[in-house]
Structure formats: C-alpha cells, structure tokens
Amino acid sequence: SFGQNAFCGSRWGWWMDYTTCCTSNLSGMDLGISPLQVGLAASFSVTGALPSESVTIYRSSKPIVMGGGFFSPTFGATVLDIQAPLGRVGAVTTDANGVAVLNLTIPASAPVGLLMAFQAVALRTPNAAASNAVYARLQ
C-alpha cells in the first residue's frame with residue numbers, strides 16, 4: 001500500500017496520488033447565488049470582500065475555465081475564470097464586514113434551462129480581486 005495509513009482489509013489493492021484542480025481564489029471573496037427562477041427574485045451574495053468595496057458581478061454563458069477566462073487591462077494581472085463575452089449583472093458596495101447582497105428579478109423572457117457562469121470582481125490596485133466562479137441554471 002501507499003500513503004500514511006497502512007492498507008486495511010483482507011484483499012489487496014493499489015491507488016495513485018495526483019493533484020486536483022480548483023480555483024485559485026486568493027482574494028478570499030466568495031460568491032453565492034440563490035436559485036435562479038424565471039420571473040422571480042434572485043440574490044447574489046458576496047462575502048470576504050474589503051469593507052465599503054465596490055463589487056461587480058459578471059455572467060457568461062460559456063464554461064468556467066480556471067484561470068483561463070476573460071482578462072482586461074482594467075483587472076491588472078487578474079484573469080477571471082469565466083469567459084467572454086461577459087454580461088454585467090450588477091454592482092454592490094459591501095458593508096463594514098465586507099458583505100453585500102444584490103437582489104434582482106430574473107426576466108420572465110429568460111431562457112429556462114440555460115446554464116450560466118457567474119463571478120464577482122472588485123477593482124483593486126494593482127490587480128483586481130475575483131471571487132470563486134459559480135454555475136447556476138435558469139429554472
């Protein structure tokens with residue numbers, strides 16, 4: 001067997017160690033999304049931002065690509081996990097605890113079943129801070 005723990009059991013076995021990929025969200029910002037139901041209210045919550053920071057939430061209908069998405073000189077060296085073209089969902093200013101919630105209504109004309117990718121961005125100097133990227137399906 002391989003690893004810190006001895007192999008337990010009466011049968012033999014083997015396994016491999018490998019690294020997995022995840023977001024390199026070093027900013028500490030986290031984006032959460034309530035269910036997106038056509039014609040109803042939805043909430044986009046941002047935590048872990050700086051106090052009184054302006055945060056913009058973007059959307060894309062393309063797949064999330066960790067560290068390989070949209071980049072802009074406006075973001076400095078920060079590369080988003082969501083791909084262009086981006087749509088602007090809205091902007092919020094965080095409270096003294098670095099928390100903000102954007103409430104809006106999903107248009108009744110939105111296509112049910114569409115899978116969207118979302119990410120929050122705070123413009124900082126020299127590089128923007130980006131949250132985790134999140135998928136949500138329109139219901």
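Visitor: Quick one to start: where is P126 found?
Guide: P126 sits in the loop between β6 and β7 (129–130), where strands are DSSP runs of E, at least two residues long, numbered from the N terminus. This is a predicted model: local features need pLDDT of at least 70, side-chain atom pairs count only at pLDDT 80 or more, and totals for chains, interfaces and linings use all residues. Residues are numbered from 1 along each chain as its sequence is written, and side-chain values use heavy atoms, with hydrogens and water left out.

Visitor: Is the peptide bond from T125 to P126 cis or trans?
Guide: That bond is cis, with omega near 5°. A cis peptide bond also joins A84 and P85, with omega about 0°. P85 is in the loop between β3 and β4.

Visitor: What about S52, what's its phi?
Guide: Near 55°, which is a positive value in a residue other than glycine. S52 belongs to the loop between β2 and β3.

Visitor: And is S52 buried or exposed?
Guide: S52 counts as exposed because its relative accessible area is 58%. The cut-offs are under 20% for buried, over 50% for exposed and partly exposed in between, using a 1.4 Å probe and protein chains only. E53, in that loop between β2 and β3, counts as buried, because its relative accessibility is 7%.

Visitor: So what does E53 touch?
Guide: Not counting residues up to four places away in sequence, E53 touches M29, V92, T93, T94, A122 and R124. Contact here means heavy atoms within 4.5 Å.

Visitor: Okay, A122 then. Why does A122 count as buried?
Guide: Because its relative accessible area is 0%. A122 is part of strand β6. Leaving out residues up to four places away, its contacts are M29, E53, S54, V55, A128 and A129.

Visitor: Let's do strands. How does β3 pair with β4 and β6?
Guide: Two strands count as paired if DSSP finds at least two bridges between them. β3 (54–60) runs antiparallel to β4 over six bridges, and β3 also pairs with β6 in the antiparallel sense over six bridges. On the β4 side, T56 has A91 as its bridge partner; on the β6 side, I57 stands opposite A120.

Visitor: How many of the residues of β3 are buried?
Guide: Five of its seven, which makes β3 mostly covered.

Visitor: And which residues of β8 are on its covered face?
Guide: V134 and A136, while Y135 and R137 are on the uncovered one. In a regular strand the side chains alternate between the two faces of the sheet. β8 pairs with β6 in the antiparallel sense over four bridges, and L115 has R137 as its bridge partner there.

Visitor: Switching to packing: which residues touch the most other members of the largest nonpolar core?
Guide: L31, L36, F44, V46 and V55, out of 22 residues. A nonpolar core is a set of buried Ala, Val, Leu, Ile, Met, Phe, Trp, Tyr and Cys residues joined through side-chain atoms within 4.5 Å. β2 (41–47), β3, β5, β6 and β8 (134–137) each supply at least two residues of this core. β6 gives the largest share, four residues. Apart from this core there is another, of ten residues, including L80, A117, V121 and A130.

Visitor: What's V46 in contact with?
Guide: Leaving aside neighbours within four places in sequence, V46 contacts M29, D30, L31, V55, I57, G98, V99, A100 and A120.

Visitor: Last topic, pockets. How much space lies in the largest pocket?
Guide: About 250 Å³. On a 1 Å grid over the protein atoms alone, a pocket is an open set of points where a 1.4 Å probe fits, with protein on both sides within 12 Å along at least five of seven lines; lining residues have an atom within 4 Å of a point. Grid points are joined across faces, edges and corners, and the volume is the space filled by probe spheres set on the points.

Visitor: What does V89 touch?
Guide: V89, in strand β4, touches F44, I57, Y58, R59, L102, L104 and F118, not counting residues up to four places away in sequence. V89 and F118 are 29 residues apart in sequence and 8.8 Å apart in space, C-alpha to C-alpha.
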